[in-house]
Amino acid sequence: MNDWTATRSRGADIASKVAEVTLLFWILKIIATTLGETAGDALSMTLGLGYVTALIVTGVFLVAVLSTQISAQRYRVALFWLAIVATTTMGTEVSDMMDRTLGLGYVWGSILLVAGLLATLAVWYYRKRDLSIHRIVRTDTEVMFWIAVIFSNSLGTAFGDALVDVVGLSYIQGALVTAGVIGVVLALHYATRVNAIFLFWIAFIFTRPFGATFGDFLTKSVSQGGLELGRLQASAVALVLMSALLLLAGRPWRPRRLA
């Protein structure tokens, strides 16, 4: 399939357990990553749980949400996006623990996460001969999808943190870099015949640091280039905005596909 937003039949839309990839999908994904960043930092730092305890808490939450999502008989808007938020929150804790608790650093952490993502996609392709996310109905395929999502969101977190802590960019500069990558992906999607599935996963990865750097910009101190809004307050703002968009996503009409 050459278009990640190619038209699908009405029956396929109903059967799929994954949200349709439209402009609204990407907006929700970015806000979900912002919420995952601020909520993850709130657990580990604001509430003082530490990275290991916060990872355990988010891991239990993630398993509970994904178990419900995978066992559901059909696509449910709120449940799917709650699972995305859970994976982004988990990604924040995984990235921070790899860097600050295990001492691997964001670069080596990113390398390990890339290897994990590629291995997941390789196993997925070996089993199904197809990496399309347009019609995921089988449990084993959906499990592979969510494993890839977890690796992607963790990788995106590590990359975004590397831009700021390793490269030395400000949060706004980091957001501009990731926005530039997303822009290149969009151009390749419309102007070339580069594999659409490959472009989807690249976009999925880089929307994570885009949302994360925006979350850092909201919460970090003014001296660090942020607005110092507070992690809990920023999380509440992101949650309200996402809830409003989910109400829009749940309406009977569907937004126009990005054809």
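Q: What are axes here, and how do angles between them run?
A: Axes are lines fitted to C-alpha atoms, for helices over the stretch in contact, and angles run from 0 to 180 degrees between N-to-C directions. This is a predicted model: local features need pLDDT of at least 70, side-chain atom pairs count only at pLDDT 80 or more, and totals for chains, interfaces and linings use all residues. Residues are numbered from 1 along each chain as its sequence is written, and side-chain values use heavy atoms, without hydrogens and water.

Q: How do the axes of α2 and α8 cross?
A: Helices are DSSP runs (H or I, at least four residues), numbered from the N terminus. The axes of α2 and α8 come within 7 Å, crossing at roughly 50°. Angles under 35 degrees count as roughly parallel, over 145 as roughly antiparallel, 65 to 115 as roughly perpendicular and the rest as oblique. α2 and α8 are therefore oblique to each other.

Q: Where is G215, and is it buried or exposed?
A: Buried means under 20% relative accessible area, exposed over 50%, partly exposed in between (1.4 Å probe, protein chains only). G215 lies in helix α8. Its relative accessibility is 0%, so G215 counts as buried.

Q: Which residues is G215 in contact with, leaving aside neighbours within four places in sequence?
A: Contact means heavy atoms within 4.5 Å. With those neighbours set aside, G215 is in contact with T34 and T38. G215 and L35 are 180 residues apart in sequence, yet 7.3 Å apart in space, C-alpha to C-alpha.

Notes: Helix = DSSP H or I, 4+ residues; strand = E, 2+ residues; numbered from the N terminus.
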